Amino acid sequence: MSEFLDLEAQDGIRMTWNVIPGTKQDATNCVIPVSAIFTPLKPNPAIPVLPYAPLRCRMCRSILNPFSIVDFVAKIWVCPFCFQRNHFPQHYSTISENNLPAELFPQFTTIEYVSTNEMGPVAPPVFLFVVDTCMIEEEIGYLKSALAQAIELLPDQSLVGFITFGTYVQVHELGFGLLPKSYVFKGTKEVTKEQILDQMSFFAGKTKPTTGVIAGARDGLSTESIARFLLPASECEFVLNSVVEELQKDPWPVPADKRSSRCTGVALSVAASLLGVCVPGSGARIMAFVGGPSTEGPGSIVSKSLSEPIRSHKDLDKGSAPLYNKAVKFYEDISKQLVNQGHVLDLFACALDQVGVAEMKVAVERTGGVVVLAESFGHSVFKDSLRRIFQSSDNDLDLSFNGIFEINCSKDVKVQGILGPCTSLEKKSPLSSDTVVGQGNTSAWKMCGLDRKTSLCLIFDIAKKDGPDSIGQSASNQFYFQFLTYYQHHEGQMRLRATTLSRKWVAGSGGVQELIAGFDQEAAAAVMARLVTYKMEAEADFDPIRWLDRALISLCSKFGEYHKETPSSFSLSPRLSIFPQFMFNLRRSQFVQVFNNSPDETAYFTMVLNRENVANAVVMIQPSLISYSFQSGPEPVLLDVTAIAADRILLLDSYFTVVIFHGITIAQWRKAGYQDQEGHEAFAQLLEAPQEEADAIIKERFPVPRLVVCDQYGSQARFLLAKLNPSVTYNSDNPPPPGGDLIFTDDVSFQVFMDHLQRLAVQ
């Protein structure tokens, strides 16, 4: 495993197969697709930043890299992707084997370029707050204090706007400091850019251009008219704080049997159009704070009558959620508009019931926004996550804007698509595969928002055919990949990060051992999780458990070692041995078992899975469990019900929740207050150790996880029990040891799962 981690530390990439099956047939036989999880902006202090423009191949536009073949005498380099010979320009005339430019150093496979002459003025980032006011006073109070904190942390040069919504949408004119002034829009119908230009008097006293799309200062909008709504944070702090201070509950009366009328869709549409009019193409984020379901205008998800429940998974499966498809279509249109403008939608949804995350998912994910789901605006999950966005510390997000992601590959490799926070630019090229997965049909993608953690899952297609003509196709047995990320750095300037990799390929049946040696089971689990959630959304009547089981059985019968029809002879190489366990836990995870979760929660879990790297995805699929006891220091234990003991503390990290679970004896001692008495210092330390570990996990994670501290047999213990392997259940023959626990379930245990797998794999 360690060599895969080293490659990730250097280039931010993990591939399922690090030795690639060389032909189309070999790749199909390998079951798990050839794919990669790539973190474009993974921080690495060793990456050099070059102050000049990159040198591109004149045929395929790929960038000069350590795999290029260089003739120092003739000053020519050969592109490894299309084998085109290129001449070095004049300013490279001094290069020689002992005097290499940085981009040819073998260790700099990832490199950044900041071209100073293209830069132009640095555009400040824009933050447009869109705030729901249809909430109880208590929630509004929590939200006010969180917003006040966020406003303090805003970078001074950034531009800020403020919109509130309830029954109507109010756009606050922050540039009018004398008294609070806002423009009001009706919550029942969509607002176009034209209406915004007219009704918000952008051309007061001036003639409006008659043709073309009007957008931004270059089309005759004066900076003064833009500055009425978007001001530098340093200038409007007082006005902004007073607007936040005076936030009040939506004044329109709500009958007792009705939901309040909330026009989330129109508010987001006004926000998108306002940014499109004022700052198109420069980095901007709409930050929406939503406290309940949308019931008014386009994008509404439920009627106002409380007798009608909000849609569940069952309603969506049966097609009995009449508003769902219309709302999704509405948010798809908003996402297209935002992607065109280069703007991001972030969603903070805090309510006890659903608010419509499932419908808004498309707009958040395609623009690369962040999403946080919590029960209340007073909850630490929301408060700490919001602070983490603006705070600058070691774990901050380093929000970057306006990215474009491009891929170049050797010509026998094609790209099916990307699963993750991006949008296909529909730039069809010979690289695009006919099979499309996720955002495909292109070799370039738009990433309106990206940060140091954003990770994309790239699915490749090996197009190389078997047969006599395949020999001449590629003399070397290496496939090359180049990923280019062009983005607006969080300090404002445009940068280009280039990562170039090479991977060996093997063809035919002789290469099985080499394929196994290059198999990364953690990356494979993360890719399968993204694929299965994608298929659950995209394909009707898709059975996820059956699909995962079939894939696992085929993989084991291809790569396992066994005598036919003898299950007891079955064994897997260490490179594959944990993979069945990952699949067992993925089948039981909240990604596949949507029962007991609302569509909003499922959408939230999927969106977070789709933007995280391999290590985090693995924790979501198979949580880690650490045991603390007097007998031994903290040690990892199996995710099994047998790990529970009366004198142990367990720490479960399942990514979205961190659970500290006290065995019954420990809980009784704690309640008796032994930790505060003299002579019991060791017990006090035992109680503190898991708390410190939990704090460390929470500090570096986004969105901030929920912390649950519970006792054995307590009601909150369900957070731990639901994740454990049910090796001891209520109908097992062997009862648990004293102080142990059992699980009331009919689910199969991992042992039974493996027995069945071995039986089927050796057939």
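Here, a residue counts as buried when its relative accessible area is under 20%. The structure shown in these views is a predicted model.

**View 1. Strand S3 and the directions of its side chains.** Strand S3 spans residues 35-38. In a regular strand the side chains alternate between the two faces of the sheet. In S3, Ser35 and Ile37 point one way, while Ala36 and Phe38 point the other way. All four of these residues are buried.

**View 2. The partners of strand S3.** Strand S1, made of residues 13-15, pairs with S3 in the antiparallel sense over three bridges. Within this pairing, Ile37 in S3 has Arg14 opposite. Strand S21, which covers residues 456-462, also pairs with S3 in the antiparallel sense, here over four bridges. Opposite Phe38 stands Leu456 of S21.

**View 3. Cysteines without disulfides.** A disulfide is a covalent bond between the sulfur atoms of two cysteines. Two cysteine sulfur atoms are counted as a disulfide when they lie within 2.5 Å of each other. By this rule, the model has zero disulfides. Cys57 is in no disulfide, and its nearest cysteine sulfur, that of Cys82, is 3.6 Å away. Because its relative accessibility is 0%, Cys57 counts as buried. Cys60 is likewise in no disulfide; the nearest cysteine sulfur belongs to Cys79 and is 3.6 Å away. Cys60 has a relative accessible area of 21% and is therefore partly exposed.

**View 4. The second largest pocket.** This pocket has a volume of about 1300 Å³. Its lining comprises 41 residues, of which Tyr324, Thr533, Met536, Glu537 and Ala538 are the closest to the centre. Several elements each supply at least two residues of the lining, among them helix H9 (324-341), helix H14 (521-538) and strand S18 (413-419). Helices H8 (313-318), H10 (357-366) and H17 (599-609) also contribute at least two residues each. By class, the lining of the pocket has 20 nonpolar, ten polar and eleven charged residues.

**View 5. The annotated region at residues 633-720.** The UniProt record, an unreviewed entry, annotates residues 633-720 as "domain: Gelsolin-like". Over residues 633-720, the chain is 35% helix and 22% strand.

Definitions and conventions
Residues numbered from 1 in each chain as written. Predicted model: local features only at pLDDT ≥ 70, side-chain atom pairs only at ≥ 80, totals over all residues. Heavy atoms only, no water. Buried < 20%, exposed > 50% of the residue type's maximum accessible area, 1.4 Å probe, protein only. Pairing = 2+ DSSP bridges. UniProt positions renumbered as here; feature names shortened; annotations may be inferred. 1 Å grid on protein atoms, 1.4 Å probe; cavity = no way out; pocket = protein on both sides within 12 Å on 5 of 7 lines; lining within 4 Å. Points joined across faces, edges and corners; volume = space filled by probe spheres on them. Nonpolar A, V, L, I, M, F, W, Y, C, P; charged D, E, K, R; others polar.
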